[in-house]
Amino acid sequence: MLGEYRIRGRRATEIAADVEQAVGAGELAPGAALPPLRDLAAELGVNPNTVAAAYRLLRDRGVIETAGRRGSRVRARPSLTSRDQLRLVLPDGARNLADGNPDTALLPGLERAVLEAAQAHASSPVMYGGPAVDPRLRDLAEATFRADGVPAGPVGVASGSLDAIERIFLARLRPGDSVAVEDPGWGSLLDLLPALGLKAVPVAVDDEGPVPAELARALADGVRAAVVTSRAQNPTGASVGTERAAVLRGLLAAHPGVLLVEDDHGHGIVDLPIHPLCAGPGGGTSTAAWAVVRSAAKSLGPDLRVAVFTGDAETVERVKGRQRLGAGWVSHLLQRTVAALWTAEDTAPAAASYRARRDGLLAELAARGVVGHGRSGLNVWIPVPDETVAVAGLLQRGWGVAAGSRFRLSSPPGIRLTVSRLAAADLPLLAEDVAAVLRTRGGDVRGV
């Protein structure tokens, strides 16, 4: 409850600002229940519609959440606090398997690519009024999208996957809209939605991606958009296969007004093919509004803040138009560096290395009766009965892992282990420690 705090204000904007300030100052704690509309209206001497408008503003800003007759509460996590800021503090000597970073030994050297980009800049500097997308990067993106069966569309560039997705949302959605998201799914995306005033609708996933019945339910409930990770799904490693893609395309085709966003951040670190859901029969599309986002962060390094995206002409042009009013463009030095790296680098060794580590760990876990998931990407997901117990137990044994709460909405508990820092010799010991923690803490090593 509110305790001693009394909400103030006469106008909807004043009431909303007062509550938001109180939340930021800690005077209203996460989970605190707000007064019913009519009670607060009577206390403030205003029309109930004014309080309703204030609560709507707070919900759209991600400050509160409403649950019908159960009333309105301050969100458990402020919408502007990233789950990734709540990182595990590792003691000296503990191995970090929690952060999701790629193996630095598998990242390409930048010197030659940066020099090439600098030389291109010296001969043809980018000035105001120039193209937003580097022609070489655009041509490479178009070629890779086309080779992967993505429908033809204009290409844009953003500062990473999340920047691209945020811009696409802002171009197509409005506060209050519902978005179907994978559960468990990418924590940063789950944080972004309430910050934009959007409502996350969880869709369960298995090793093949979104479960069709779950996506069908979300579509029937009226979501305005759906986000699907093509491969290397974070945190489970799911990858959408041929048959699953066909089923999901059929579901989306029955709801052509739903915006489809496909996140292919695994490009360059995965040796499984992509099966784009946006691809319809005869070279068409499965839905009218769509986008495919492809990032360089995992294959080339997180500091290269570049992602290319394509989609239907209206969506891409809306994003580009809004981009021109703000950032303008992504640095062409970065774009040219990424283009040079994508031209020169062979990504097969990195993909094979990550696969060997994932498969090796999964095999060691299975030999000890522990169920794990990791079909592609950098991570292995292990269902557990109690995340806190599992994380603490492994930390005592020298392994820092990520609690599944960073990635979950309503799905069962689990832990995420990033394999990029593991050597083959580490796998038996890690698997034995996971199994031991689950056994000694009263858990079931078969998972949940």
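Q: Why is Arg-172 called partly exposed?
A: Its relative accessible area is 24%. Buried means under 20% relative accessible area, exposed over 50%, and partly exposed in between, with a 1.4 Å probe and protein chains only; Arg-172 at 24% is therefore partly exposed. The model is predicted: local features need pLDDT of at least 70 and side-chain atom pairs count only at pLDDT 80 or more, while totals for chains, interfaces and linings use all residues. Residues are numbered from 1 along each chain as its sequence is written, and side-chain values use heavy atoms, with hydrogens and water left out.

Q: What makes Asp-312 buried?
A: Asp-312 has a relative accessible area of 11%, so it falls under the limit for buried.

Q: What makes the contact between Arg-172 and Asp-312 a salt bridge?
A: The term requires a side-chain nitrogen of Lys or Arg within 4 Å of a carboxyl oxygen of Asp or Glu. The closest N and O atoms of Arg-172 and Asp-312 are 3.1 Å apart, so the pair qualifies.

Q: Why does this pair tie together parts that are 140 residues apart in sequence?
A: Arg-172 lies in helix H6 (residues 161-172), whereas Asp-312 lies in the loop between strand E11 (307-311) and helix H11 (313-325). Helices (H or I, at least four residues) and strands (E, at least two) are DSSP runs, numbered from the N terminus.

Q: What makes Asp-148, Arg-231, Asp-264 and Arg-294 one network?
A: Salt bridges that share partners join them. One of the pairs is Asp-264 with Arg-294, whose closest N and O atoms are 2.8 Å apart. Both Asp-264 and Arg-294 are buried.

Q: How do you know that strands E8 and E9 pair?
A: Two strands pair if DSSP finds at least two bridges between them. Strand E8 (residues 225-229) and strand E9 (residues 259-263) have five bridges, in the parallel sense, so they count as paired. Ala-225 stands opposite Leu-259 in E9.

Q: What makes E4 and E7 edge strands?
A: Strand E4 (155-158) and strand E7 (209-210) each pair on one side only. The open sheet runs in the order E4-E11-E10-E9-E8-E5-E6-E7, with mixed pairing.
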